[in-house]
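The structure is shown below.

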Amino acid sequence: MIDTSPGSFDVAIVGFGPVGALLANLLGQAGLSVLVLEKEAEVYPLPRAIHFDGEVMRIFQSVGLKQEVLAVARPGTGGMHFVNAAGTTMLIRGGALQHGPHGCANNYYFHQPELEQVLRRGVDRFPNVVVRLAHEVKAIESDEEGVLLKAAATVSDKTQRVRARYVVGCDGARSLVRKTMGSPMEDLGLHQPWLVFDAVLKDEPRRRSPLPDHTVQYCDPVRPMTYCNVVGKRRRWEIMIMPGDDQQSMTRPDSLWKLVERWIRPDEATLERAVIYTFHSVLAHGWRKGRLLLAGDAAHQMPPFLGQGMCAGMRDCANLAWKLEAVAAGRASADLLDSYESERAPHVRAFVELAVRLGDIIQTTDPAAAQERDQRFAGGEPEIFEFPSPGLGEGVLDRDTSPVGLPFPQPVLDDGRLLDDLLGNSLAVIGRRDFIESMDDDARERWSLLGATVLGRSDRTLLDWFKVHGVGAVVLRPDRYLMGVARNVGDLERIAACWPTVTLSPH
């Protein structure tokens with residue numbers, strides 16, 4: 001029986017997919033008491049998400065799981081190529097660096113069940129996190145003291161009751177938490193069914209040329225498709241459903257192999273999964289209602305053309321976790337949680353809108369429109385576009401300075417360490433050594449009271465960044481986004497005023 005005493009958990013997480021599992025790691029590491037409720041008894045065994053980016057790997061690093069994740073993921077190479085029906089590469093998504101701005105590769109591919117197992121084993125490190133698998137939340141009721149959840153054990157259907165101060169819905173596109181909150185969804189314009197076909201290559205040598213190492217968007221108006229080299233021997237094809245297609249028959253093996261016969265034959269691979277998904281682009285309005293919050297697909301959904309669906313949920317977790325910790329510890333008022341949506345929603349919208357625009361390129365099925373598109377990209381070498389890095393919306397940021405609201409790069413320091421390994425997960429003030437040494441005792445005391453790490457460094461990579469931006473120091477939030485930049489010591493006082501230090505009861 002789950003503990004039913006009032007306020008028995010700081011946070012309850014509904015859903016234990018990759019987003020819920022990462023949030024449990026972050027909150028467990030922060031020392032909060034956490035309950036996770038997941039209706040399924042086991043990790044879903046088939047592939048779903050297959051890509052995350054360098055910023056997400058940096059989040060895994062922050063919870064001490066980078067090496068474990070590296071064991072089940074591979075760095076992406078070659079970017080993403082948009083190829084027209086004539087075989088001409090029109091556009092390439094760059095960002096295939098093996099050491100990008102986050103101190104790691106810019107892109108990784110993985111098998112979701114393996115990643116989920118890594119994240120769940122990570123949660124096992126924290127005795128303050130309780131996980132209840134095969135427990136489906138049936139009802140959620142909020143009051144002044146917290147939230148009451150009613151959960152049914154799926155094996156016995158016995159209803160249990162548990163209380164938490166806050167509840168985060170990481171429960172997917174059909175989120176019960178979102179329905180309880182009454183948060184409407186904004187439609188951003190894409191609802192297109194695609195067939196997703198996952199296969200595992202066999203051991204025997206291939207009799208044809210190897211499949212590409214990079215991702216390919218086949219922008220053929222007759223039948224748009226996507227090919228992905230996932231990890232190991234896993235490969236994926238995503239195939240657009242066209243008018244007149246018999247969707248029921250398309251998932252049969254004989255139909256599937258015909259669709260991909262120009263690349264692979266049935267004797268060369270084993271079919272693992274074939275399912276038809278409708279790619280959506282939607283954004284919730286109202287990520288917080290009192291003690292209820294949303295993260296991941298419960299708050300937003302986007303088409304996979306940028307590989308950012310899961311990534312967006314992981315960024316949600318990194319943004320929300322330190323705020324929940326500050327509120328639960330009584331160092332900030334609950335109003336701090338309102339900055340979660342105001343910061344994250346514009347960031348997510350930028351990715352959704354870009355994914356939709358890329359989808360317009362890929363999903364062009366009118367021959368005349370496709371010809372016009374091809375002509376726009378004609379004229380020499382393929383166009384290169386780099387992976388975007390949109391800024392956060394309004395929130396815990398000193399907006400008087402730039403480039404506030406963007407992630408701070410994670411360089412390798414002169415001693416061989418990565419920056420975040422030096423700073424840990426706290427608020428941080430880091431600057432030129434002479435700049436930090438010029439701070440007076442009052443300034444140092446102020447940042448100490450905020451729990452900040454204050455460091456003066458002379459590492460070449462940091463000094464180069466400070467010089468380019470004309471600053472002496474930066475203030476980094478626990479999620480490693482730039483809270484402010486200081487051109488003189490006095491700027492630090494203004495930046496400190498942005499930090500949520502109001503000490504009110506978190507209840």
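In which strand does N107 lie? The model is a predicted one, and in it N107 belongs to strand β7, which spans residues 107–110.

## Buried polar residues

N107 has a relative accessibility of 4%, and so counts as buried. Its side chain is in polar contact with the side chain of H51, at 2.7 Å.

R344 is part of helix α9, residues 338–362. Because its relative accessibility is 1%, under the 20% limit, R344 is also classed as buried. The side chain of R344 makes a polar contact of 2.8 Å with the side chain of D316. Neighbours within four places in sequence aside, R344 contacts W287, A312, R315, D316 and N319.

## Packing around helix α8

Two packed helices are described by the distance between their axes and the angle between them. For α8 and α9, the axes come within 10 Å and cross at roughly 165 degrees. An angle over 145 degrees counts as roughly antiparallel, and α8 and α9 are therefore roughly antiparallel to each other. The crossing of α8 past α9 is right-handed. On the α8 side the contact is made by A312, R315, D316, N319, L320 and K323, and on the α9 side by S339, Y340, E343, R344, H347, V348 and F351.

α1 passes α8 in a right-handed crossing. From α1 the contact involves P18, V19, L22, L23, L26 and L27; from α8 it involves M310, G313, M314, C317, A318, A321 and L324.

In soluble globular proteins, nonpolar side chains tend to be buried together. The largest nonpolar core of this model has 123 residues, and F52, F60, F82, L149 and W447 have the most contacts inside it. Helix α8, residues 309–328, supplies the largest share of this core, 13 residues. Another core lies apart from it and has 21 residues, including A199, Y227, I241 and W263.

L149 touches A12, V14, L37, V137, A139, I140, Q160, R161, V162 and V167, with residues up to four places away in sequence not counted.

## Helix α2

How many of the nine residues of helix α2 are buried? Eight are, and the helix, residues 54–62, is mostly covered. The buried residues are G54, E55, V56, M57, R58, I59, F60 and Q61. One of them, F60, is among the residues with the most contacts inside the largest core.

Just after the helix, G64 has a positive phi of about 75 degrees.

## A buried loop residue

V230 sits in the loop between β14 (225–229) and β15 (234–240). Its relative accessible area is 3%, and V230 is therefore buried. Beyond four places in sequence, V230 is in contact with I50, R74, Y109, F110, R235 and R236. The C-alpha atoms of V230 and L46 are 13 Å apart in space, while these residues are 184 residues apart in sequence.

Note on methods: Residues numbered from 1 in each chain as written. Predicted model: local features only at pLDDT ≥ 70, side-chain atom pairs only at ≥ 80, totals over all residues. Heavy atoms only, no water. Buried < 20%, exposed > 50% of the residue type's maximum accessible area, 1.4 Å probe, protein only. Helix = DSSP H or I, 4+ residues; strand = E, 2+ residues; numbered from the N terminus. Core = buried A, V, L, I, M, F, W, Y, C linked by side-chain atoms within 4.5 Å. Contact = heavy atoms within 4.5 Å. Left-handed = near helix turned anticlockwise from the far one by under 90°. Polar contact = N/O pair within 3.5 Å; in protein donor to acceptor, adjacent residues only side chain to side chain. Axes fitted to C-alpha atoms, helices over the stretch in contact; angles between N-to-C directions. Parallel < 35°, antiparallel > 145°, perpendicular 65-115°, else oblique.
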